[in-house]
Amino acid sequence: MDLVDFARGPALKVAFVVFFIGVLWRLVNVILLRHGRMLSEPRRSVGAALLGGIKGMGSRSWPHPEFIKRTVTGEALGYSYHIGLFIVILFFAPHVIFFGSLVGMRWSTLPNSIITIFSVITLTLFVAVLSRRVGHPVLRHLSNFDDYFSWFVVALVLITGLMATAHVGGPYQTILGLHILSFDLLLLWYPFGKLMHAFYIFPTRAIDGYLMTRKGAPS
Amino acid sequence: MSALGDIPIHVEPSAEKSVGREFGVGLGAILSELATLLEALRSTGEEGAIDLRSLPLGPNDLDRLRRLLGSGEVDIRIDANGESRIRETAVSGLWWTEHRNAAGEPLAVLIEVARVPNILLTADDDLARGAVRLRTVASAQFSAPGETPHGTT
Amino acid sequence: MARPDTELTIGELLDRNGVSRRSFIKYCTAMASLLALPPLAARAMAAQLRAARRPSVIYLSFQECTGCLESLTRSFAPTVENLIFNVISLDYDDTLMAAAGAQAEQARAQAMEANYGKYLLVVDGAVPTADGGVYHCAAGRSGLDILSECAKGAAAIVAVGTCASFGGLPFADPNPTGARAISSLVPGKPVVNVSGCPPIPEVIAGTLLQYVTTGRVPDLDEHLRPTVFYGNSIHDRCYRRPFYDRGEFAKTFDDEGARNGWCLYELGCKGPTTYNACATLKWNNAVSFPIQSGHPCLGCAEPDFWDRGSFYSPIPTARWGKAGEVSPAQAGTLAGVAALAGAAIGAGSVVLARKRINRNKRTKSHDSEKGNEE
């Protein structure tokens, strides 16, 4: 069994199982934990609060006008590389085949040249956000191992992917094997680090929006 | 099963239209490489060649290249354990060379960049051997009696 | 002219046989093309080859289908007769030689003795090692035995075909005969693997020719294959590559894409992970190769190609199933079970946490009541 077969075989299976166990474990855990009782008098109806929750998912995903000058760099960087990642992950032909083979359908792909442009841009932005994290005194103070390791795990997948398409660093199979292995690592780490934000981000924003509206504050 | 009429009929587009266009990836590169080789031949006298069988060419690329280069004045046929054809292209100094084996199957296809294709030139060894041979024949059949023959085997 | 053939240089032999200089140059031009040498290297090669002596070659066959030898006999440049009469001295090949039985074995013994340390051993087929090697016997001896005897005096060994190179079909799971690749059975001997099922005829002939021309083992890749032929992947040299890059794929064997000659990646083409010369040298004297004929590459020149699931499942598919790729249903079931397990663990940990909190609270309130009493 060579590296590719190991990476897309047993290693992928273990990572796949750990990913689903981990994600559900943490989600159920958070949902079932006791939440603080709302002590204030409800100002708005439950229906309005639910709408507020939906609104919260949007409004909290956009820079607050008052702080826009201070936060816009970080937000722009963050949004850009997320979009880049999604395009590369979802529309590169081999990725479509990979995810497609697991979910049982395939969708259209983008030409490789476009994918390459996006992945190079994304990697550049990735380096930019890391240097910002290290260079910014407050951000650096707030960062822990989790932040750096989560960055590393995603960057590794991106770098090995680019290496595989560009044929650098070794025979294609080896690099492809490393690329899939780094994706396995990403799946393993996903539920236990800050990557889990993908599952938390919108529910928490919705809950905040709901509670704020219920208390009569703008969501 | 669906009726016969339901089976979609696909009309193959002509080779020139689809295949020629789609597969013509490396032709531009070949042409500029040939131009470079021609310039080198002129300035340094160094001969060159492009091996057309080692390039990832599509089914119609060879024909297209041939049409692009056209044909010139010289057409040489060599009969050496199978036929070889060396044809001058419309571009002077470029020789479209095809070597075939005794069964007529192609062995090599290349474009040579030279004033005269190298394979035509007679080698020194062969010149020497030819001289020896002629002298032998001359001395054996035409020499006057008493005269010493000049060549030996 | 009383000297034996093996003492003559190839040049002397050609002169004796009346092969003209031009036909020899022509032949070398074809060879240079085959070996991916610059076209003008043919002149240097002609000089080298004329000065070389024909090496004695012993050709052994083990667990194989003779497809590799069939392939070699269809070599156009050099043709097999050209190769065995002018370039090498084929002293033993139980399929091609006229002699049989004891005479054949005697020919092998003589050739080995006369050229000890200098002959080239060519092997096709894997060698069974289970149960003392009884699954391949010839002339009353096991394949293992014959191989080790012949390997001892060989200057180099050329393993022809995927079976000899990597074990191939006999080696495929469950490998009942304990088949093994040649390189694993001849420690310390230089081995050149010429893989493929079968290898391209010109690649087999070219590898032998290169050995004769240079007198040494060529540059090899990590699987011991000559880099001249196995240096590029099929994908990198494929004329359909532009379709891959543009994202134009045939989805089935009879759709619009297939008819227009689009990339066969989604139909399971193993071109990106297969290193061979099919896309440039092609087959049947450069007529075509599988992809040009509309079929994905099977990856036959790579180790374990029989055991990598369906030939028609694309490279980037999950492969943890016993028989290869994972169906969406299997993946979904596994994800579902894992998710349920995760949810149970999550719920369980919450229950435990609440119990602990309640217990702590109780002890706390108990303590504070006590404190009040005092």
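This is a predicted model: local features need pLDDT of at least 70, side-chain atom pairs count only at pLDDT 80 or more; totals for chains, interfaces and linings use all residues.
Let's begin with which chains touch. Two pairs of chains are in contact, and chains A and C are the pair that shares the most contacts. Chains A and B, on the other hand, don't touch, and their nearest C-alpha atoms sit 16 Å apart.

The size of an interface is often quoted as the accessible area lost when the parts come together. Here, the area buried between chain C and chain A comes to about 3500 Å², with carbon and sulfur atoms giving 61% of it. Look at chain C for the residues that lose the most area to chain A: they are C:Arg308, C:Pro316 and C:Trp320, and together they make up 15% of what that side buries.

Now for the polar side of this interface. Between chain C and chain A there are 14 residue pairs in polar contact, counting pairs with both residues at pLDDT 80 or more. Which parts of chain C supply its side of the interface? As for salt bridges, the rule finds three across the interface of chain C and chain A. One you can pick out by eye joins the side chains of A:Asp5 and C:Arg308, at 3.0 Å from N to O.

Ring pairs link C:Trp320 into a cluster with A:Phe16, A:Phe19, A:Phe20, A:Tyr190 and A:Phe199.

Over all chains, the structure holds 26 aromatic pairs. One of them is A:Phe98 with A:Phe99, an edge-to-face pair with 5.1 Å from centre to centre and 80° between the planes. A:Phe99 has 24%, so it counts as partly exposed. Over in chain C, take C:Phe249 and C:Tyr265: their ring centres are 6.0 Å apart and their planes meet at 35°, so this pair is tilted. C:Phe249 lies in the loop between α12 and α13 (256-259) of chain C and C:Tyr265 in the loop between α13 and α14, so the pair ties together parts that are 16 residues apart in sequence. Both C:Phe249 and C:Tyr265 are buried.

Stay with the loop between α13 and α14 of chain C, as C:Thr274 is placed there too. C:Thr274 has a relative accessible area of 3%, so it is buried. What does C:Thr274 contact, once its neighbours within four places in sequence are left aside? The list is C:Asn232, C:Ser233, C:Ile234, C:Cys297, C:Gly299, C:Ala301 and C:Glu302.

Finally, the backbone. In chain C, the bond joining C:Asp173 and C:Pro174 is cis, with omega about 10°. C:Pro174 is in the loop between α9 (168-171) and β8 (179-180) of chain C. The peptide bond from C:Cys197 to C:Pro198 is cis as well, with omega near -5°, and C:Pro198 is placed in the loop between β9 (191-194) and α10 (201-214) of chain C.

Turning to phi, A:His167 has a positive value of about 60° although it is not a glycine. A:His167 is in the loop between α8 (145-166) and α9 (172-189) of chain A, and it is partly exposed, with a relative accessible area of 32%. C:Ala139 also has a positive phi, near 50°. C:Ala139 is in the loop between β5 (137-138) and β6 (141-142) of chain C, and at 59% relative accessibility it counts as exposed.

Methods. Residues are numbered from 1 along each chain as its sequence is written. Chains are lettered from A and ligands numbered from 1 in the order in which they are written. Side-chain values use heavy atoms; hydrogens and water are left out. Buried area is the accessible area (1.4 Å probe) that two parts lose on being put together, summed over both. A salt bridge is a side-chain nitrogen of Lys or Arg within 4 Å of a carboxyl oxygen of Asp or Glu. A polar contact is a pair of N or O atoms within 3.5 Å; within protein, one must be able to donate a hydrogen and the other to accept it, and residues adjacent in sequence count only if both atoms are side-chain atoms. Rings of Phe, Tyr and Trp (its six-membered ring) pair if their centres lie within 6.5 Å; planes under 30 degrees apart count as stacked, over 60 as edge-to-face and the rest as tilted. Buried means under 20% relative accessible area, exposed over 50%, partly exposed in between (1.4 Å probe, protein chains only). Helices (H or I, at least four residues) and strands (E, at least two) are DSSP runs, numbered from the N terminus. Contact means heavy atoms within 4.5 Å.
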